[in-house]
Amino acid sequence: MRDLRSVLQVSVRLSEGGAAGVARNLSRELEARGVLSPIAYGYSVGGRRSPMEEAYTTVRITPAAVAAANRLAFPVLGDETPLKGHRSWSGFREAVRRADVVHFHAVHSHVGRVADLAAVVRDLKRPLVWTMHDQWHFTGRCAQP
């Protein structure tokens, strides 16, 4: 097996909340051990870019308009929209392509359709590790059952 050089962390937020803090800690600890660990994140407060972007190697997945559409669509459709920001999605695909492993840490809160995120990882034939920071995907969008 080849040496692990890069783990892409995927999390809904970079700056706010416990999940963001854990993703940043994972990234820092891996990088301290010589493993690149960029963070692909959804958005920050109000759908804006994170104020912490310059402190980390990041890829923003979800533009504000798409996050808003996803939030509105879920009660009606039962899922996020298939909408994607072209530049953001291209950046996510490129980050997955460069990674040896992709880690879905917290992929909820209207980042995008989980099936679409997973399809990129599958199509680019990257191993996926998915930890459950909370139970969002198993409880119908409730973090704690």
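What follows is a short exchange about the sheet, a helix and one arginine.

Mentor: This is a predicted model, so local features need pLDDT of at least 70 and side-chain atom pairs count only at pLDDT 80 or more, while totals for chains, interfaces and linings use all residues. Residues are numbered from 1 along each chain as its sequence is written, and side-chain values use heavy atoms, with hydrogens and water left out.

Trainee: Which are the edge strands of the sheet?
Mentor: The sheet is open, with five strands paired in parallel in the order E3-E2-E1-E4-E5. Strands here are DSSP runs of at least two residues (E), numbered from the N terminus, and two of them pair if DSSP finds at least two bridges between them. Pairing on one side only marks the edge strands, E3 (58-60) and E5 (128-130).

Trainee: What is the bridge partner of Phe104 in E5?
Mentor: Strand E4 (residues 101-106) runs parallel to E5, and three bridges join them. The E5 partner of Phe104 is Trp130.

Trainee: Which side chain of opposite charge is nearest to Arg24?
Mentor: Arg24 lies in helix H1 and is buried, meaning under 20% relative accessible area with a 1.4 Å probe, protein chains only. Arg24 has no salt bridge, which would need a side-chain nitrogen of Lys or Arg within 4 Å of a carboxyl oxygen of Asp or Glu. At 7.5 Å, the nearest side chain of opposite charge is Glu16.

Notes:
Helices (H or I, at least four residues) and strands (E, at least two) are DSSP runs, numbered from the N terminus. Buried means under 20% relative accessible area, exposed over 50%, partly exposed in between (1.4 Å probe, protein chains only). Lys and Arg count as positive and Asp and Glu as negative; His and the chain ends are not counted.
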